[in-house]
Amino acid sequence: MPKAIRVHEYGGPEVMRYEEVEVAAPGPGQIRVRQTAIGVNFIDIYFRSGLYKAPQLPFTPGNEGAGEVVAVGEGVTGLAKGDRVAYGSASGTYAEEVVIEARMVVKIPEGVDDATAAAMMLKGLTAQYLLRKTYRVQAGDTILFHAAAGGVGLIATQWAKHLGATVIGTVGSQDKAELARQNGCDHVILYRDEDFAARVKEITGGKGCAVVYDGVGKATYPASLDCLRPFGMFVSFGNASGVIEDFNLALLGQKGSLYATRPTLFTHVAERASLEAMAEDLFGVVKSGAVKIPVHSRAKLAEAAQVHRDLAGRQTTGATVMLP
């Protein structure tokens, strides 16, 4: 019987149990996938801890992965047994086998291996909607990306540089600063040691940035707003340091008629055509070599608890992939 990580009650990493599970046959519109690689993301911690609620307990965490189709449900077209597929907004992917809605998956193109595909879907599609849809980065823009050495950060900063932007990144350590420089950052700020808003003003000659991409949350708000030019956009897409509790709308006016938005990947990929276009854009920049997907850590699925400890302790850089 296949195994999966199961969470029976919300809590710390220790609540994740590695257990045998029944995997159903795929229903209409679904496929069953034998996974070869599983992506790990901060959102998995939010669900495990109960910050975000799962539809029911117990549940299997995980949204991202790659593998081989082993069965196809009724009415599924364009996918067959043996196809290599990847997905970034499935559910229950911390498992050896998983049943997924066929509309949520894309075929992995030739030249992209499974671990890379599993590491790039959620993070890469997030980078895609941030840079190409939320605020469309143009050549000549100056942007600020927090946690530039993280999973989304390393993809987004390479991509933004490829688009012709001047990229400022914040990181938490010297090692991460070096990594950020190697992956598209023109300027790197150690946000634990420096006043990042003051440094951004200095770097931009007082002008500020067109956009701030903030997946950190509590620790970087409201200072992120001080990094923006008039009419600039504050994009809050995660809360690695904790949730922003009291968002003060009036500050947007005081700090220069700013825009603020809180997008999610799930809304962007809800329509099949949108998912396909975003994935095509992502695979395109990866296959061209403009964006390299950094898989810096591999672990066994059974070691999920330790993987979560490392991620929550902000000890990781780039992407972590678990192998069933």
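**Close-up views of a predicted model**

**View 1. Strands S8 and S11 and their bridges.** Phe145 has Tyr213 of S11 as its bridge partner. Strand S8 (residues 142-145) and strand S11 (residues 209-214) run parallel and are joined by three bridges. Strands here are DSSP runs of E with at least two residues, helices are runs of H or I with at least four, and both are numbered from the N terminus. This is a predicted model, in which local features need pLDDT of at least 70 and side-chain atom pairs count only at pLDDT 80 or more, while totals for chains, interfaces and linings use all residues. Residues are numbered from 1 along each chain as its sequence is written, and side-chain values use heavy atoms, with hydrogens and water left out.

**View 2. The open sheet of six strands.** The strand order is S10-S9-S8-S11-S12-S13, and the pairing is parallel; two strands pair if DSSP finds at least two bridges between them. At the edges are strand S10 (187-190) and strand S13 (259-261), each of which pairs on one side only. On average, neighbouring strands of the sheet are turned by 15 degrees against each other, direction ignored.

**View 3. Helices H3 and H5 on the sheet.** Helix H3 (residues 151-162) packs on the sheet and touches S8 and strand S9 (166-171). The direction of H3 makes about 170 degrees with that of S8. Helix H5 (residues 196-203) also packs on the sheet, where it touches S8, S9, S10 and S11; the direction of H5 makes about 160 degrees with that of S10. Axes are lines fitted to C-alpha atoms, for helices over the stretch in contact (heavy atoms within 4.5 Å), and angles run from 0 to 180 degrees between N-to-C directions.

View 4. Val112 lies in the loop between strand S7 (106-107) and helix H2 (114-134). At 6% relative accessibility, Val112 is buried (under 20% relative accessible area; exposed is over 50%, partly exposed in between; 1.4 Å probe, protein chains only). Neighbours within four places in sequence aside, Val112 contacts Arg84, Ala117, Met120, Phe283 and Lys287. Val286 is 174 residues from Val112 along the chain, yet their C-alpha atoms are separated by 8.5 Å.

**View 5. Cysteines without a disulfide.** The whole structure contains zero disulfides (pairs of cysteine sulfur atoms within 2.5 Å). Cys185 is in none, and the nearest cysteine sulfur, that of Cys209, is 11 Å away. Cys185 is buried, with a relative accessible area of 7%. The closest cysteine sulfur to that of Cys227 is also in Cys209, at 6.3 Å, which is too far for a bond. Cys227 is buried too, at 1% relative accessibility.
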